[in-house]
Amino acid sequence: RPEHDRGPLVRQQEIPVARANQSAYPVTATGALLIPGVDIEMLTIQPGSFLQGPAESGPASEDAPRPVSLTREFWIGKFLVNQSQYVSLMLTNPSYFQGDTLPVETVTWFEATEFCLRLTERERVAKRLGADEVFRLPTEAEWEYCCRTSPEGVQFGAHRAGGKGEAAKTPAYSFGSDPGLLLDYGWFIDNSGATTHPVGEKKPSLWGLYDMHGNVSEWCLDWYAPLSGDAATDPRGPETGDRKVRRGGSWASTPKRCRAADRFGVAPDCGCALLGFRIVKAASDSPPVNLPEARVW
């Protein structure tokens, strides 16, 4: 289904969620945390600050760049959740393009959130996850931070290009501002062949995250709202809304839609072959996990 405004206003309620016993998880040779059973690899992201949503992210009347500080460490999926991983917990595969190593898609925000809930519950039963940490979707600020910064916590433009001024500090992509390099980092309209591809085949971001600029767009935790330009600390979006944020380009996206700052609101019950997700593991109060009153999947 196309991305457009639809769906009723949905209100949220906070649910008690859970801090991980990090030592309970095996670590891969590349330093990624491995979640047993689903074989999801996660990389640690250190706190830092960046400029979210530069002027090129959307109409000036809607979005303004804002300084954002993230104060808590979190872990994020090295790859998009693939279909084999999704089926292992959900016992169903909604994807239009079928294949174990392809990213799961045609998945609604509710279904992506339910996946996180089931993983949280399973890991608590296994005593690998404590009472103060949870698996969830990334906030859009976390997602963009992972796309725009490096492990040194320095924005790409200043860190690698050595440039000065706003243009240098807000590159269009994780690798800089040259759209010609996008072919090396993502599957999009020019090279996808109108289909998804196995996760992790292109070059990663500076944090080591794959498919940030294509393959499938990614659900975020937040309700969609214009960015005000005001400085924010650990932002989580508005309390209510009728659309959830999607980030990153898809196999059908133009280079413009694959930019780090590109954002769009999608009804949470929309499932289409352009949309998938990756997961985050974080302290439950950074931010608290919110769910609509009814668990729908």
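The model is predicted, so local features need pLDDT of at least 70 and side-chain atom pairs count only at pLDDT 80 or more, whereas totals for chains, interfaces and linings use all residues. Residues are numbered from 1 along each chain as its sequence is written, and side-chain values use heavy atoms, with hydrogens and water left out.

**Stop 1: the paired strands**

Please select residues 33–35 and 40–45, which are strand 2 and strand 3. Strands here are DSSP runs of E with at least two residues, numbered from the N terminus. The two run antiparallel and are joined by three bridges; strands are said to pair if DSSP finds at least two bridges between them. Within this pairing, Leu 34 faces Glu 41 of strand 3 as its opposite residue.

Next, select Gly 37. The hairpin of strand 2 and strand 3 has four residues between the strands, and Gly 37 adopts a positive phi near 85 degrees there.

**Stop 2: the salt bridges**

The structure holds 16 salt bridges, each defined as a side-chain nitrogen of Lys or Arg within 4 Å of a carboxyl oxygen of Asp or Glu. Begin with Asp 242 and Arg 243, whose side chains meet at 3.9 Å, N to O. Are these residues buried or exposed? Buried means under 20% relative accessible area, exposed over 50%, and partly exposed in between, with a 1.4 Å probe and protein chains only. Asp 242 is partly exposed at 34% relative accessibility, while Arg 243 is buried at 18%.

Move on to Arg 246 and Asp 262, a salt bridge with its closest N and O atoms 3.0 Å apart. Arg 246 belongs to strand 10 (residues 244–247) and Asp 262 to the loop between strand 10 and strand 11 (263–266), so this pair ties together parts 16 residues apart in sequence. Both Arg 246 and Asp 262 are buried, Asp 262 having a relative accessible area of 3%.

Arg 257 is partly exposed, at 31% relative accessibility.

Finally, select Glu 140, Glu 144, Arg 148, Arg 247 and Arg 263, which salt bridges with shared partners join into one network.
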